[in-house]
Amino acid sequence: MTRTIELAVPSTTSPADTPLETPRSWHYGALLFAALFPTVGAWIYFIALSGHAWMQPAYAITKGLQFGFPLLWVLAVQKARPGWPLRGSRGVGIGLAFGATIAAIMCAGYFLGLHDMPIMHTLDDGVTAKVRDAQAATPARFLALALFYSLIHSLAEEYYWRWFVYGQMRRVLSLGMANLLSSLAFTAHHILVVWSYLQHDWWAVALLSLGVAVGGAFWAWLYQRSGSLLGPWLSHLLLDAAIMTIGYGMIFGG
């Protein structure tokens, strides 16, 4: 009989109350792979193959492996079926408020002054080069890229990092440790991306990476609290939309 992997364990439930279907060593191995592979993939397609013709194929392959692994693990190894990840509206208000607030601060900070700082000129050049590598250096193509990242990629990341990585970690760890480790793993590949743009400004890399970690921790907490990815996804969506709006300003002078 096929079981359903539930979306969220109530906060009053201990991870030990949810028995594992696989040997604990397998579970830890799957979590280690899931936590580290996105960073390895980001290094391959974003740094090692930067500007190379293989950059886009490598991106597609690594993302396919990354987002395919949770379903393979749940369906083939745990022999369960995933629950519907967007059920219920609990947590949507908090998620939207968080996302809208941070997005507004980011856009206001950039368009009302930060875009004139010297560090931004270096960042502008790096972002423009990466967008050209992605063949999205026209307004229409950039808009398509922005919609993809804001709507689709943000949901895929929430499914991967919150539903799978955090969801599986909390079965063998305390909720706080699962939140911490999944958020740090979520941050790791973002550090590589930010570092590729701002290699000589470690303070900026550290500050931006801390922001990613805080966002990841908040979304894991909200997912645990609400039992749905809807709130975390909408919150994540707003932040990605803000990033792409700033990116448009960097490239096209908005």
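Predicted model: local features only at pLDDT ≥ 70, side-chain atom pairs only at ≥ 80, totals over all residues.

Colleague: What makes the pairing of the side chains of S154 and W233 a polar contact?

Modeller: The cut-off is N or O atoms within 3.5 Å, one able to donate a hydrogen and the other to accept it. Here the distance is 3.1 Å, and the pair counts as a polar contact. A polar atom of the S154 side chain also lies 2.5 Å from the backbone oxygen of S150.

Colleague: How do you know whether α3 and α8 are roughly parallel or antiparallel?

Modeller: Look at the angle: the axes of α3 (residues 92-111) and α8 (residues 230-252) cross at roughly 15 degrees, coming within 7 Å. Angles under 35 degrees count as roughly parallel, so α3 and α8 are roughly parallel to each other. Their crossing is right-handed. By class, this contact has 18 nonpolar, six polar and no charged residues.

Colleague: And why is α1 called roughly antiparallel to α2?

Modeller: The axes of α1 (residues 24-48) and α2 (residues 55-77) cross at roughly 170 degrees and come within 9 Å. Over 145 counts as roughly antiparallel, so that's what α1 is to α2. Their contact includes W26 and F33 of α1 and Y59 and W73 of α2. The contact residues divide into 16 nonpolar, four polar and one charged.

Definitions and conventions: Residues numbered from 1 in each chain as written. Heavy atoms only, no water. Axes fitted to C-alpha atoms, helices over the stretch in contact; angles between N-to-C directions. Helix = DSSP H or I, 4+ residues; strand = E, 2+ residues; numbered from the N terminus. Parallel < 35°, antiparallel > 145°, perpendicular 65-115°, else oblique. Contact = heavy atoms within 4.5 Å. Nonpolar A, V, L, I, M, F, W, Y, C, P; charged D, E, K, R; others polar. Left-handed = near helix turned anticlockwise from the far one by under 90°.
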